[in-house]
Amino acid sequence: MSGSTAVKIDARPCRQSCQAFSVEHIRKDFPILNTLVRGKPLVYLDNAATTQKPQAVIDAINHYYTAQNANVHRGVHHLSQVATCLYDDARQKIAAFLNATVECEIIFTRGTTESINLVAQSYGRQTIHEGDEIIISGMEHHSNIVPWQILCQQTGAKLRVIPFDDDGNLIMDEFDRMLNPRTKMVAVVHVSNALGTVNPIQEITAKAHAVGARVLVDGAQSTPHTAIDLKALDCDFFACSGHKMYGPTGIGILYGRAELLDAMPPYQSGGDMILSVTFDKTIYGRLPSKFEAGTPHIEGAIALGAAVDYLNAAGMETIHRHEQDLLQYATDAVETVPGLHIMGRAREKAGVLAFTMDAAHPHDVGQILDEEGVAVRAGHHCAQPVMQRFGVPATTRASFGMYNNRNDVDALVAALHKVNKVFA
Ligand code: PLP
């Protein structure tokens with residue numbers, strides 16, 4: 001791997017909680033959950049949009065500005081060295097959390113959206129040409145559609161879309177039929193934010209690699225819910241957002257195989273991404289600096305490291321089990337509400353329960369729920385093709401996080417019965 005700063009990840013952190021998971025204990029770590037909304041306790045079920053932050057993450061940001069603030073990779077003075085160490089430590093924690101091979105494969109970005117744009121414009125413009133094909137799925141978030149559409153306009157490549165069935169499962173036979181030697185990129189979502197479907201990434205990766213295509217996985221909705229093992233997934237790129245995994249907004253991750261990142265041109269340029277600059281020539285920095293031009297979101301990265309520590313302490317397998325239990329409980333419970341139709345009944349699901357109601361438009365449902373202190377999302381969830389597939393303008397979406405409990409689900413269901421009463 002030429003030119004990379006290759007620090008091998010030796011050991012993975014404990015991903016299984018050492019102590020029993022107690023959702024009540026977890027809830028105490030999230031101060032915002034004590035908020036009253038219109039005099040009622042907040043029931044926060046909009047975790048797919050963004051998650052709330054534990055005190056440890058809030059403290060990390062506070063402590064950074066109280067005692068550690070300086071620019072990174074620039075100063076010889078004490079504070080700059082402290083900030084640089086913390087920033088680099090955060091990268092190492094995240095590399096271990098995702099089971100990357102070397103930590104220079106972890107690039108800090110603003111989030112999933114920027115990560116995907118980076119790959120499309122850097123890797124894509126360099127390697128994808130007229131007549132090549134890019135495959136996405138029909139359940140992508142707009143941020144994994146539009147960057148590829150733009151790349152197709154720029155290069156003359158063709159965008160192809162894997163359809164999904166009425167339950168929200170990808171139709172893998174169609175995918176098999178689409179793959180051919182012209183396929184250069186397969187970009188798929190791991191967990192759909194609109195349906196909750198968990199897609200078979202290992203199978204997709206193996207099939208795409210067999211025709212020589214690269215694979216990008218949009219992990220925005222999987223990273224908070226399940227242990228991610230990049231070595232097992234075997235994808236070439238993986239994108240996720242800090243704010244969906246209990247960390248701050250404005251920070252995210254792009255993982256890329258070191259040999260691919262090494263060969264890619266910079267996405268943005270400026271300070272911190274160079275080895276040397278003259279007016280004749282610039283030599284770019286090594287990984288990961290080459291892709292981190294300018295002063296980065298230092299406290300964001302450090303606080304994302306704190307979020308990863310928090311997730312590791314709870315245990316990703318334990319969080320996954322808890323949320324699966326809650327999803328099952330919630331699915332059974334909302335089915336008692338007359339005139340409610342769940343959208344998305346895939347074989348494997350995570351964290352998301354989307355539905356429509358005969359009685360009211362999703363926005364009206366969302367408003368009545370808000371009056372009861374229940375925060376959900378109503379709309380197209382930045383996945384308009386999914387809405388088009390089902391012929392609806394929007395859905396109401398309850399999405400779960402590690403701190404949600406059965407009381408939250410009961411409050412949701414009681415509020416849904418109220419919707420029916422109001423619109424009877
Ligand atoms: N991909 C999926 C599946 C998402 O759910 C989201 C956000 O909701 C994104 C991508 C975009 O994430 P961000 O806005 O953090 O860049």
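A salt bridge is a side-chain nitrogen of Lys or Arg within 4 Å of a carboxyl oxygen of Asp or Glu. Keep that rule at hand for the exercises below. The model is predicted, so local features need pLDDT of at least 70 and side-chain atom pairs count only at pLDDT 80 or more, while totals for chains, interfaces and linings use all residues. Residues are numbered from 1 along each chain as its sequence is written, and side-chain values use heavy atoms, with hydrogens and water left out.

**Exercise 1.** Find the two domains and describe their contact.

*Solution.* Start with the bounds, which come from an automatic or database domain assignment: domain 1 is 23–54 + 315–422, and domain 2 is 58–313. Next, look at the C-alpha centres of domain 1 and domain 2, which lie 27 Å apart. Then turn to the contact (heavy atoms within 4.5 Å): domain 1 gives 43 residues and domain 2 gives 37 residues.

**Exercise 2.** Work out how much area the domains bury and which residues of domain 1 lead.

*Solution.* Buried area is the accessible area (1.4 Å probe) that two parts lose on being put together, summed over both. Here domain 1 and domain 2 bury about 3300 Å² between them, with 55% of it on carbon and sulfur atoms. On the side of domain 1, Pro54, Met316 and Arg389 supply 18% of the area buried against domain 2, more than any other three residues.

**Exercise 3.** Locate the salt bridge across the interface.

*Solution.* First, count: the rule finds one salt bridge between domain 1 and domain 2. Now check Arg389, which forms a salt bridge with Asp166. Their closest N and O atoms are 2.8 Å apart.
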